[in-house]
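Q: Can you walk me through this one? I'd like to start with the strands, then look at a pocket.

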Amino acid sequence: MKPHVALTALMATLIAVTVSHLEWIQADGGHLLMVDGRPLDAEGWLRNQLNSLRRECTDVQVLQADDQRLPQALQALKNFSPPASQSARVAAASVRSDWMLLEVEFDDLQPAVVLMQKNGADWVIAQRGIWSGQTHPWLAATHIRAYLARQVESAPTDLLACFDPKGDRSPPRQILAP
């Protein structure tokens, strides 16, 4: 067999094998990459990568568990919809100026991401500033950032852009590249 024929046959085989394992499907207003029947949010992965390159987080402070601002913010959240909200635990928190973004988990409720704003000496939940639920198979961060930006237009864009889910109940990370 001539080398160019063998190379052409090899390329055709590689393409056919690859195509037999990959499929783009449209779901919920977006597209998922199906790899052997397993959905991956390739668009979300790309948006996360672009966000990581473009975001500026120097004015966003990640709060440690012993930060004095957390107990008051957590209490405001626990009082929001008792009794189920009483089990709220902070998985991650960040602050920028008079805004705080909490990632919280509960015993009997879905995980939530909550935007809070300083009101005098108190932290209060921003009106329409709560996202709760699961996004699987979509990557959560891109959807949560976009949702909160639409709901609370006055929220600092860098605070939202610097959000990456950290909680134990967050969906597993999808690895699309080494």
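Q: How many bridges join β1 to β2?
A: 6 bridges join β1 (residues 22-27) to β2 (residues 30-35), and the two run antiparallel. Strands here are DSSP runs (E, at least two residues), numbered from the N terminus. Two strands pair if DSSP finds at least two bridges between them.

Q: What kind of model is this?
A: This is a predicted model, where local features need pLDDT of at least 70, side-chain atom pairs count only at pLDDT 80 or more, and totals for chains, interfaces and linings use all residues. Residues are numbered from 1 along each chain as its sequence is written, and side-chain values use heavy atoms, with hydrogens and water left out.

Q: OK. Which residue stands opposite L22?
A: V35 in β2. V35 also stands opposite R38 in β3.

Q: How do β2 and β3 pair?
A: In the antiparallel sense, over 3 bridges; β3 covers residues 38-40. They form a hairpin with 2 residues between them. D36 in the turn has a positive phi of about 50 degrees.

Q: New topic. What volume does the second largest pocket have?
A: About 260 Å³. A pocket is an open set of points on a 1 Å grid over the protein atoms alone where a 1.4 Å probe fits, with protein on both sides within 12 Å along at least five of seven lines. Points are joined across faces, edges and corners, and the volume is the space filled by probe spheres set on them.

Q: Which element gives the largest share of the lining?
A: β5, with 5 residues.

Methods. 1 Å grid on protein atoms, 1.4 Å probe; cavity = no way out; pocket = protein on both sides within 12 Å on 5 of 7 lines; lining within 4 Å. Helix = DSSP H or I, 4+ residues; strand = E, 2+ residues; numbered from the N terminus.
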